[in-house]
Structure formats: structure tokens, C-alpha cells
Amino acid sequence: MRKFLIILGLLLILSAGTEQLDALVKVKAKGSVATKNKKPKTEERQQAILNGQQQALKKYASGLDSQRLSILNELMPELLKDIEKYILDTTPLNDGEYQNGNWEINLEVSIDDAQIEQLVRQKTPKLEEHFLSFVYVAREVASVEFHEGTVSIQADTDRDHFKLDGSIVMNSEGISYRSYNPAEIDSRVTEIFNKAGFDVVPAFEVNLTPEQFAYDFITLDEISNSTQKEATDIARDQGLEFLALGTLDIGREEIDPVTGQYKIYAKVGGYIMDLRKKFAVKICSVGPLQYSGLGPNPTVAKTNALIEAATKASQDLVDQIRVKLTP
Amino acid sequence: MDKRLVIIGIMLLLVTLLGAQERVRYAGFCFAGNYADIPLNYPHTHALSAGEKGAPNRLERLFYSCLHANRDFRNFSLDLDQSSQSDKALAITINRESVDSESISGQTKLIYNLSYSIYILDFREFKVLQSFPFKISYIELYSQPPTAGEVQSQIYKLMEEELLASIKSKQPQIAIRQPGSLAMKVANVEISEDAVALLGPYEDKLDSYKAILANQLTETFAFGLNVTMLPYAKDYAGQKMALAFSDARVLNFSIPPASYDLDLRLDKFHKALYKETAFERVDIYGAYINLKIYDAELETVYWDQAVKFGATKQTVNGQLTDDFANYHEVLLQTIGTELTNTIRNDKKLMENKKNKKGVIVRCANF
């Protein structure tokens with residue numbers, strides 16, 4: 001009876017485990033242990049595997065962006081201490097081999113990304129009552145005008161000189177933009193800041209006018225100083241502590257040669273202003289970075305590119321501000 | 001009495017847990033690659049898939065009726081009614097449609113080369129989890145050049161009689177990989193300059209020929225050696241694959257990194273006279289390949305070996321010889337049967353002891 005219950009319990013755990021395994025990141029690493037034995041003892045083998053798991057965690061962290069890496073480097077002792085909590089599965093890729101006083105084994109390690117994220121959230125400071133608002137504006141090309149110019153080159157030649165005769169046609173293009181702001185960006189960015197512990201205040205609630213930002217970005221290629229000043233003043237008056245600003249530039253559509261779908265690039269840049277002091281201070285910034293989106297039509301490709309760019313930029317900003325706010 | 005009831009209850013739960021086969025949705029028939037190029041790359045299959053909007057086309061009906069009667073695979077059953085909540089789906093994909101013609105003594109010879117794959121897809125993460133390739137090669141002689149309709153009828157017949165029969169016969173070998181299992185993937189296919197010169201119609205279509213060889217290698221490992229295989233992608237850096245379904249949906253799937261990579265190199269072809277009489281000549285055609293199983297990331301080579309195979313081909317005097325067709329046939333046999341046998345006889349790759357396992361055993365699909 002008792003055995004049955006144990007088996008049943010194990011089966012239930014296993015069946016639940018198969019679902020959990022979907023949120024893993026696989027990393028390959030080499031585990032090694034110094035030994036004189038060509039055939040390692042059980043404890044030496046276990047040590048080599050543990051070393052390999054530690055290597056895998058470090059390799060996983062090194063593939064992340066610089067801010068996340070710095071957070072994980074801080075947490076690394078804790079990660080390594082409870083390593084079995086963050087590693088779901090370790091599969092040997094070979095039988096291991098003895099080389100120059102070391103026994104080495106190749107491993108494929110499955111890291112629980114979600115569990116690490118939970119630790120990051122637990123260990124980073126609780127951002128209680130930090131009010132933040134954001135304005136992200138995007139623009140796309142509305143029209144392109146081509147201008148042709150001609151440069152003529154002429155030169156004479158004699159015994160000591162040579163002659164050039166011809167002309168070069170130079171093209172330039174005048175690009176005009178229009179604003180493009182899908183609602184999906186707002187919900188995605190709100191989600192990221194919320195998850196990081198900020199209380200996100202919608203722009204309309206504090207009388208910020210994204211339209212003014214969009215106008216500046218379309219006409220001036222940047223957000224004017226006066227618009228920024230006006231926004232920070234309003235935000236501070238309304239009791240906001242942080243204001244995040246982002247600009248997204250949508251490229252022209254092209255056909256992806258691999259998938260045949262529409263591909264659009266989005267360039268993103270952004271920063272967060274700290275409004276708690278006498279002067280508004282730019283405490284972190286990101287970009288410009290480029291991301292691409294694919295889709296069966298240009299609208300889907302555009303939205304995908306914008307969401308990808310806004311998500312990555314916001315995540316980077318959140319990671320940076322976490323580091324800054326750590327006491 | 002109560003104790004008995006509890007035991008019966010536990011037994012029933014146990015039977016349900018153990019006996020319940022995983023359900024995998026049926027995603028339908030689809031075309032691999034650039035959506036806009038479907039009519040160019042698969043003109044006949046594309047024509048066969050045309051139908052009234054909203055109604056299943058001829059190909060959809062063909063596959064659906066076959067799978068409806070044969071839902072059970074090795075460790076899963078197909079959910080054709082889309083009633084399960086599974087994220088996994090099975091799609092039958094066409095990867096290649098090639099119909100080449102030759103004129104012989106006033107007759108038209110058509111060579112059909114068709115490649116298909118069963119892909120197991122993860123629709124939550126949009127990943128290709130596994131690939132099971134199938135190929136059809138068929139030659140038909142026509143007294144006069146066939147119409148497009150005749151070619152399409154032949155392709156439909158090949159799908160109906162050969163592809164479906166092949167899928168049915170291999171259903172017990174098609175299994176969903178288990179979480180945490182290891183997999184292999186064809187990473188690179190190289191062809192030496194000497195061999196390129198003998199590739200006939202593919203001399204200037206090397207990417208197509210590489211894809212044929214990669215598919216054959218994937219098939220050998222998946223069915224011949226029971227290895228979990230990921231699909232070969234031409235664009236190795238991008239590792240993306242677009243699949244266009246019959247309802248005009250185009251979805252991009254990523255191909256996850258493999259535990260082990262395979263590099264195939266075609267070194268050379270060889271032809272030598274074996275016997276000649278007044279009526280016939282017999283030639284030996286040979287293919288020399290090299291296969292490397294390795295891990296680029298950990299800089300480990302698990303197997304790097306040359307494999308060769310030869311077969312005789314008889315020609316009646318006066319009959320034209322198609323050298324490329326013979327080389328191709330021998331090469332596919334080399335990558336197929338000969339390679340399978342070589343690997344099966346390799347103790348290191350096939351080792352299966354408690355603490356010693358070869359890489360083929362480590363990637364066993366079931």
C-alpha cells in the first residue's frame with residue numbers, strides 16, 4: 001500500500017515535471033575534476049558534474065545583457081549554493097575522459113530560467129510606492145522623395161597630365177515620417193515595469209502628452225529639450241518619481257530571404273529620468289539598438305518588431321534601474 | 001473493504017496515468033520555405049492543393065482520411081478533432097518537388113523526386129521538435145510529353161500509394177521525444193570540387209543537392225538508427241523555418257540547437273569497368289563520403305569516419321548510360337544502408353552499458 005502511494009506520488013511528480021521542463025534553457029558545459037584515477041570514483045564523478053553545472057550557470061549568465069549579468073554575478077554565490085534548485089536536468093553527452101590529471105565530462109544542462117527570475121525579483125530591492133510613467137513614441141516612413149544631382153568632372157591632359165571627362169549622378173532621398181503607436185507596446189511595457197515592482201501610472205493620468213513627443217520625433221528626429229523639460233516638470237508636480245521615455249524608429253519593409261515573409265527592423269532608444277532630486281537626472285539609458293520582426297503582412301511584421309524592440313529596451317532599463325536602486 | 005476500494009482507486013489512477021497516450025494535434029499539410037515561391041518551388045503540388053475557400057482541398061482530404069484510420073503512432077495518438085489542449089502538433093510537409101524530363105528515342109522520360117517530412121511542432125514556443133523525412137523517387141516513360149494535369153495525377157498517385165504507405169509502415173517508429181532527451185541535427189553538407197563536376201543537373205544547383213543529402217542523412221538517423229533528429233536548415237545561422245499551411249497561414253518555427261551536430265562531406269565518385277562483353281558492359285559505381293559527429297561548442301569530435309560503397313551497373317551495348325543517376329543511386333545507398341550498417345557495427349557509438357553509452361544510444365528516440 002505504502003509502496004503504491006510512493007510510486008503514485010513519483011508518477012504525479014514526473015507528469016507535472018514534463019510541463020515544467022518547457023521553461024528551461026539548455027546550456028552545454030564541460031565538467032572536470034582533478035584526479036589521479038583514470039576511472040574516477042563516484043564522488044569524483046559527482047564533483048565533475050557539479051563543476052560542469054556551475055560552469056553552465058556562468059555560461060548562461062554570460063550570454064545575458066550586461067545589466068542582467070551584473071545582477072546575476074551578485075547573486076552567483078546564492079545560485080551556486082542552491083544549484084539543484086536552478087538546474088532541472090543534467091544529461092551527459094559522453095562517458096567522460098581522462099586528460100592531463102583531469103577527468104572531464106561533456107554535459108547538457110537544463111537551467112530553470114523562471115526560477116532564476118524569481119530569485120532576481122526576491123533579491124532585488126522591493127520598489128515600494130515608486131511611481132513611474134512612460135511615454136514611448138514610434139514613427140514610420142510616410143514617403144520618400146528622390147532627388148537627383150549631377151557632378152561633372154573635367155580635366156585636360158598633356159604629356160605630364162591625364163584627362164578625366166564625365167559626370168556622376170548622385171541621388172539623395174528626403175524622408176518624411178508619420179507616427180505609429182500600436183496599443184500592444186503600452187501593455188507590454190507596462191507589464192515589464194509592473195513586474196519589476198514599479199507602480200505604473202498611465203501618461204494621461206498625469207497630463208503627459210505623448211502627441212507632443214511624437215510630433216517632435218517626427219519633425220525633429222529627436223525629442224526637443226523644451227518638450228522634455230515640460231514633461232519632467234509635469235511629472236514631478238504630479239508626484240512621479242521616475243519617467244521613462246522611449247523612441248522607436250520603424251524601418252522599411254523587406255522580404256526575409258529565409259522565410260519569404262515581411263521583415264521590418266525597429267531601432268529603439270530610451271532612458272529613465274529620476275525626478276526625486278532637485279534636478280531631473282537621467283539615471284539609465286539604452287540604445288540605439290535594432291530588432292527585427294517577421295509577419296505574413298507588413299502590419300504584423302511592424303507590430304512584432306516594435307514589441308520586440310520595446311520589450312528588450314524596457315527590460316534593459318529595468319535591469320539598470322534595479323542596480324542603481326540597490327542600497 | 002475501505003482499504004480495497006482505495007487500492008482499486010489507486011490502480012485505476014495508475015492505469016490512467018500510464019496508459020494515457022499523449023495526444024498530438026494534427027496541423028495539416030504544409031509547404032516548407034518562402035511563401036511567395038510556393039507556386040515556383042512546388043508547381044504541381046500547389047495546383048493539387050488548390051480548392052474552394054473554406055473547404056478542405058484534395059490533399060488535405062487525402063491525408064486526413066488516411067490519418068483518421070491510422071491515428072496511433074509509437075507513443076502518441078493524433079488528435080484530428082482538435083479536442084485536446086496539446087501544444088504539440090504533427091504536420092506533413094513537402095520540402096521538395098522536382099520533375100525532370102529527358103527525351104529518349106522519341107519518348108519522354110520523367111524523373112520524379114519528391115521529399116516530404118513529418119514535423120513534430122511545438123505551437124507554444126513555435127519550435128520544430130523533430131523531423132522524420134520521407135522521399136519518393138519515380139521514373140515514368142510517356143509516349144508523348146505529358147500535360148501538367150498528367151504530372152499532377154502522377155504526383156497525387158505517388159502520394160496516395162507510396163507516401164501514405166511509407167508513413168503507415170513507419171508509424172511504429174515515429175515517437176515524440178521525451179523532455180530532456182538529446183537530439184542530433186545535420187549542420188553542414190560539403191561537396192568536393194571533383195564530385196561537383198559529376199553532379200549532372202545539380203552541378204549549378206548545389207544547395208538543392210545538399211538538401212537532398214541532408215534529408216537522406218536525417219532519414220537514416222531517424223529511421224535506421226532511431227535517433228531523435230532535428231531538421232536540416234539551409235540557413236544554419238538563422239535556424240528558422242517557414243511553413244505555409246493550406247488555410248494560407250504562414251508560421252515561422254525556430255529549430256533549436258542540437259546536442260550533437262553532423263557534418264557530411266561527399267569526397268568523390270568513382271567509376272571503373274568491371275566486365276565487358278560483345279553485348280554489354282558492367283561498371284562499378286562508387287561513392288566516398290565522410291561523416292563527423294561532433295560538438296562545436298565543446299570542441300569534441302565523437303566520430304569522424306570515411307564510408308564508401310560501390311555497386312555494379314549493367315549496360316547493354318548501344319544503350320545510353322546516365323552516369324549521374326547511377327552515382328546518385330549509389331550515394332543514397334552509401335548514406336542510407338551502408339552508413340547505417342557501419343554505425344550499427346561501431347562498438348563505441350552503439351555502446352550501451354550502465355556508465356558507458358555511445359552517442360547514438362544517448363539520442364535514442366524511444
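User: How do you know that the length of helix α9 of chain A agrees with its number of residues?

Analyst: This is a predicted model. Helix α9 of chain A covers residues 298–325, which is 28 residues. At 1.5 Å a residue, helix α9 of chain A should span 40 Å. Its end C-alpha atoms are 40 Å apart, so the two values agree.

User: What makes A:N297 a cap of α9(A), and at which end?

Analyst: A side-chain oxygen of A:N297 lies 3.2 Å from the backbone nitrogen of A:T299. The cut-off for a polar contact is within 3.5 Å. The end that A:N297 caps is the N-terminal one.

User: Why is B:Q216 called buried?

Analyst: Its relative accessible area is 5%. Buried means under 20%, so B:Q216 counts as buried. The residue sits in helix α7 of chain B, residues 206–224.

User: What does B:Q216 touch, leaving out residues up to four places away in sequence?

Analyst: B:Q216 touches B:K135, B:L332, B:I335 and B:G336.

User: What makes the pair B:Q216 and B:K135 a polar contact?

Analyst: Their side chains are joined at 2.6 Å. The limit is 3.5 Å for a pair of N or O atoms, so the pair qualifies.

User: Why is B:A306 called exposed?

Analyst: B:A306 has 52% relative accessibility. Exposed means over 50%, so B:A306 counts as exposed. B:A306 belongs to strand β12 of chain B, residues 300–316.

User: How far apart are B:A306 and B:N290, in sequence and in space?

Analyst: In sequence, 16 residues separate them; C-alpha to C-alpha, B:A306 and B:N290 are 4.1 Å apart. With neighbours within four places in sequence set aside, B:A306 is in contact with B:I289 and B:N290.

User: Which domains does the assignment give for chain A?

Analyst: Domain 1 is 24–121, domain 2 is 126–143 + 175–325, and domain 3 is 144–174. The contact between domain 1 and domain 2 of chain A takes eight residues from each of the two. Their centres, taken over C-alpha atoms, are 37 Å apart.

User: What area is buried between domain 1 and domain 2 of chain A?

Analyst: About 650 Å² is buried there, and carbon and sulfur atoms give 47% of that area. On the domain 1 side, α3 (66–81) and α5 (113–123) of chain A each supply at least two residues. α3(A) gives the most, with four residues.

User: How many salt bridges are counted between domain 1 and domain 2 of chain A?

Analyst: The count is zero.

Note on methods
Residues numbered from 1 in each chain as written. Chains lettered and ligands numbered in written order. Predicted model: local features only at pLDDT ≥ 70, side-chain atom pairs only at ≥ 80, totals over all residues. Heavy atoms only, no water. Expected span 1.5 Å × (residues − 1). Polar contact = N/O pair within 3.5 Å; in protein donor to acceptor, adjacent residues only side chain to side chain. Buried < 20%, exposed > 50% of the residue type's maximum accessible area, 1.4 Å probe, protein only. Contact = heavy atoms within 4.5 Å. Domains from an automatic or database assignment. Buried area = accessible area lost by both parts, 1.4 Å probe. Salt bridge = Lys/Arg side-chain N within 4 Å of Asp/Glu carboxyl O.
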